[in-house]
Amino acid sequence: MGSDTNPNTPTLHYFVTPLLHHSTTLPLRMSLDAQLLAAFREADEGHVTAAELAKRMGVSPATISRHINDLRQLGFDIEHHAQLGYRVVAWPDKLFGDDIQLQLGKTVIGREVLVYAKTASTNDVVERLGLDGAPEGVVVFAETQTQGRGRMGRSWASPRSKGLWFSVLLRPKLPMSALARLTIAASVAVARAIREQTGLSAEIKWPNDILVAGRKCAGILAEMQAELDALKFVVLGIGLDVNCDAADFPPDVRKTATSLRMEIERNAPSVAAVYDRRGYGAAEDGGHRPPLQDAINRSDLAIALLRELDRACGLACGDFETLRQEWGRLCSTLGKRITLQVGPRRLEGVAQALDEDGALLVRCDDGRIEHVISGDVVTEK
Ligand code: BTN
């Protein structure tokens with residue numbers, strides 16, 4: 001994982017993460033629409049002339065004008081000035097696969113990004129792609145899921161366009177006993193992306209929850225396909241509540257669930273930080289401040305998260321020690337006295353560390369150390 005992973009041009013990075021599967025060249029599709037969006041991102045709310053765009057993309061100004069109209073149909077508010085050219089006034093709150101893919105560059109995770117308006121579960125879509133032989137790194141987002149699922153047979157609410165609901169296909173060269181490392185990688189990636197994009201103090205609650213101020217805003221569901229004890233692939237599903245309101249959560253989790261927007265609104269100073277980070281002027285100075293959901297832009301968050309995931313999965317399959325240390329700095333469970341439900345068993349002890357395989361080491365009251373790969377923390381003190 002990481003940057004240039006084309007096996008025909010081996011780089012240092014390719015050799016330091018040799019455990020992942022890189023069998024095909026990277027199919028970087030660059031649709032003209034995605035290239036236009038890239039040019040507008042670079043212009044940073046400024047104008048770009050049709051002639052500049054046409055030259056950059058090697059097409060006629062008439063073609064540019066046609067594609068600008070396509071973007072308007074998709075919800076982009078694009079103004080045109082006779083001398084200055086085009087300027088994007090407002091971006092729709094939608095995810096575009098080509099745009100995300102182009103912004104990611106040459107990462108393995110996100111080498112192909114598909115966005116569905118609606119699907120039952122993105123984990124099911126990626127499982128089908130995996131069985132059909134799709135390469136590692138394919139990502140499927142859905143604006144909404146009708147049967148989003150969580151761990152332990154729970155359902156996962158996925159209200160339209162209010163979060164990031166997506167799954168990634170991984171073909172790691174890891175023994176089955178070490179697959180817990182991938183959940184560790186995903187949790188580090190989600191916590192880091194939230195911190196970087198919003199300034200919120202996201203923490204990891206072992207094994208797969210991401211909390212802000214003690215409430216869950218994201219979860220991870222890793223599902224594997226194996227045959228005769230040989231791993232075929234892993235589907236890593238991630239749900240991140242970005243712009244949900246309390247009413248979007250089912251009643252049974254309403255007290256324990258949250259979204260990034262709810263946490264930012266709860267904490268006015270960090271709202272200002274979100275605007276500052278994105279370069280918007282202060283409201284009292286008459287500066288332009290877009291609606292908050294544009295300030296926590298889902299596309300930017302998705303791109304940051306996939307970059308982090310690409311890096312963390314590379315570490316999970318190579319320099320696991322670095323990942324383990326990062327996880328230790330972000331995990332709120334470590335050092336705490338916990339009661340765990342592990343299948344039918346209840347276990348009490350102190351969460352101490354991760355072992356080489358990514359399992360949690362728990363020192364039980366009788367002095368035994370248990371290696372726990374998966375379970376539910378029932379209480380922690
Ligand atoms: C959990 O906390 O129990 C895990 C939640 C995982 C939800 C995500 S949303 C995208 C992907 N598709 C699903 O059906 N589930 C995961």
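Two residues are in contact when heavy atoms of theirs lie within 4.5 Å. Among contacts in this protein between residues at least 6 apart in sequence, 62% join residues at least 24 apart. The model described here is predicted. The protein comprises 381 residues, of which buried residues make up 50%, and its secondary structure consists of 12 helices and 14 strands.

Strands of a sheet pair through backbone hydrogen bonds, either parallel or antiparallel. In this model, 7 strands form an open sheet with mixed pairing, in the order β3-β4-β5-β9-β8-β7-β6. Its edge strands are β3 (112-119) and β6 (203-205), each of which pairs on one side only. From one strand to the next, the twist averages 20 degrees.

Ile204 stands opposite Ile210 in β7.

**Helices on the sheet**

Helix α6 (residues 122-131) packs on the sheet and touches β3, β4 (138-145), β5 (163-170), β8 (215-227) and β9 (230-241). The direction of α6 makes about 155 degrees with that of β9. Helix α11 (residues 298-316) lies across β4, β5 and β9, and runs at about 30 degrees to β5.

| Helix pair | Axes come within | Crossing angle | Handedness |
|---|---|---|---|
| α5 and α11 | 10 Å | roughly 50 degrees | right-handed |
| α7 and α12 | 10 Å | roughly 55 degrees | left-handed |

On the α7 side, the contact is made by Arg181, Ile184, Ala185, Ser187, Val188, Ala191, Arg192 and Arg195. On the α12 side, Phe320, Leu323, Glu326, Trp327 and Leu330 take part.

**Aromatic pairs**

A pair of aromatic rings is described by the distance of the centres and the angle of the planes. The structure holds 3 aromatic pairs. In one of them, the rings of Phe76 and Trp91 have their centres 5.3 Å apart and their planes at 65 degrees. Planes over 60 degrees apart count as edge-to-face, so the pair of Phe76 and Trp91 is of that kind.

Where do the two residues of this pair lie? Phe76 is in the loop between α4 (61-73) and β1 (77-81), whereas Trp91 is in the loop between β2 (85-90) and α5 (97-104). The pair therefore ties together parts that are 15 residues apart in sequence.

Are Phe76 and Trp91 buried or partly exposed? Phe76 has a relative accessible area of 4% and is buried, because the cut-off for buried residues is under 20%. Trp91, at 29% relative accessibility, counts as partly exposed. Ring pairs also bring in Phe96, linking Phe76, Trp91 and Phe96 into a cluster.

Terms used. Residues numbered from 1 in each chain as written. Predicted model: local features only at pLDDT ≥ 70, side-chain atom pairs only at ≥ 80, totals over all residues. Heavy atoms only, no water. Phe/Tyr/Trp six-rings, centres within 6.5 Å; stacked < 30°, edge-to-face > 60°. Helix = DSSP H or I, 4+ residues; strand = E, 2+ residues; numbered from the N terminus. Buried < 20%, exposed > 50% of the residue type's maximum accessible area, 1.4 Å probe, protein only. Pairing = 2+ DSSP bridges. Axes fitted to C-alpha atoms, helices over the stretch in contact; angles between N-to-C directions. Left-handed = near helix turned anticlockwise from the far one by under 90°.
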